[in-house]
Amino acid sequence: MATRLDGRAVSKKILADLKQTIAELAQQDVTPTLAVVLVGSNPASEVYVRNKQRRAEDIGVRSLMFRMPEATTQADLLAKIAELNHDPDIDAILVQLPLPAGLDEQAVIDAIDPDKDVDGFSPVSVGRLWANEPTVVASTPYGIMALLDAYDIDVAGKRVVIIGRSNIVGRPLAGLMVNHDATVTIAHSKTRDLKQLAKEADILVVAVGVPHFVGADAVKPGAVVIDVGISRGADGKLLGDVDEAAVAPIASAITPVPGGVGPMTIASLMAQTVTLAKRRANG
């Protein structure tokens, strides 16, 4: 039976270590500060933001919330980002996505100072990642790499297949994997013979948002399976993109849903906020 990669336990350890770093920064009169911009009232975004704020408060990160109405114009949102860019006490800026209809998400992402882009979505951040000189990267891929590292799973020389090519997970994770000497294939909706390709993976990452998209017939015996997806079934139960019950007897390691990748994402956001604060402390 596969080892369950416990994101809750690993994230607790990361957050505990961050507390110590934050205490050391306090001796330099630096408090890691995260600015979160929330436009409108998307229920899922409200939950995500609340969880981020709770974690920040727990470890001593100052989290500033900037709520803007649904009717916010592009110009008003860009003006707010410019204000935050120029605030010397703010280390990290996060604009919660998705934005209301009518707002240009890419233009908003492009407007964030790359040195405060804690989500790692800006073209400059992406370029730094692929040049193997990353400052910050998307939190979910960062968390996945930290989780693998916590369980001593070395990706060097491994065949990695990532199902999903989003800018939030698939593409930045591919960059991180390549930087750590893995051989990477990104698969997507147009990929032919997807199931056979998945079966060739030493490490299989699934990030498509379709419940139980991957079953036992798409997993190589002994593979490490990372399930990024999370959906809610008709009965209200949370489901991953991987059928864990079917795959666990075949895989060597697997992330549960919930409790796998999810907790690592917020811990990674906090870790990178602290990284940016350390850069401010060091001038």
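## Helices and sheets in a predicted model

Let's start with a pair of helices: the axes of helix α2 (residues 43–59) and helix α10 (residues 261–281) come within 10 Å and cross at roughly 55 degrees. Here axes are lines fitted to C-alpha atoms, for helices over the stretch in contact, and angles run from 0 to 180 degrees between N-to-C directions. This is a predicted model, in which local features need pLDDT of at least 70 and side-chain atom pairs count only at pLDDT 80 or more, while totals for chains, interfaces and linings use all residues. Residues are numbered from 1 along each chain as its sequence is written, and side-chain values use heavy atoms, with hydrogens and water left out.

The names come from DSSP runs, numbered from the N terminus: helices are H or I runs of at least four residues, and strands are E runs of at least two. The protein chain holds 10 helices and 11 strands. Its radius of gyration is 19 Å, close to the 19 Å that the globule rule gives for 283 residues, so the chain is as compact as a globular protein of that length. (The radius is taken over C-alpha atoms, and the rule is 2.2 Å times the number of residues to the power 0.38.) Along its principal axes, the C-alpha trace spans about 50 × 45 × 40 Å.

### Two partners for α10

Two packed helices are described by the angle between their axes and the distance between the axes.

| Helix pair | Axes come within | Crossing angle | Handedness |
|---|---|---|---|
| α2 and α10 | 10 Å | roughly 55 degrees | right-handed |
| α1 (residues 7–26) and α10 | 9 Å | roughly 20 degrees | left-handed |

A crossing is left-handed if the near helix is turned anticlockwise from the far one by less than a right angle, and right-handed if clockwise. Angles under 35 degrees count as roughly parallel, over 145 as roughly antiparallel, 65 to 115 as roughly perpendicular and the rest as oblique. Helices α2 and α10 are therefore oblique to each other. With its crossing of roughly 20 degrees, α1 is roughly parallel to α10.

Which residues of α2 and α10 meet? On the α2 side they are N51, K52, R55, A56 and I59, and on the α10 side I266, L269 and M270, where contact means heavy atoms within 4.5 Å. This contact divides into 5 nonpolar, 1 polar and 2 charged residues. In this scheme, Ala, Val, Leu, Ile, Met, Phe, Trp, Tyr, Cys and Pro count as nonpolar, Asp, Glu, Lys and Arg as charged, and the others, Gly among them, as polar.

For the other pair, the α1 residues in contact include I14, L15 and L18, and those of α10 include A267, M270 and V274. By class, the contact of α1 with α10 has 14 nonpolar, 3 polar and 2 charged residues.

### Two open sheets

Now to the strands, where two of them pair if DSSP finds at least two bridges between them. Strand β2 (residues 33–39) pairs with β3 in the parallel sense over 7 bridges, and V39 stands opposite M68 in β3.

Strands β5 (residues 159–163) and β7 (residues 203–206) run parallel and are joined by 4 bridges, with V161 opposite L204 in β7.

### Backbone details in the loops

Most residues other than glycine have a negative phi, and most peptide bonds are trans. Where are the cis bonds? One joins L97 and P98, with omega about 5 degrees; P98 lies in the loop between β4 and α4 (105–111). Another joins V257 and P258, with omega about 0 degrees, and P258 lies in the loop between β11 (253–254) and α10. N132, a residue other than glycine, has a positive phi near 60 degrees; its place is in the loop between α5 (123–130) and α6 (139–150).
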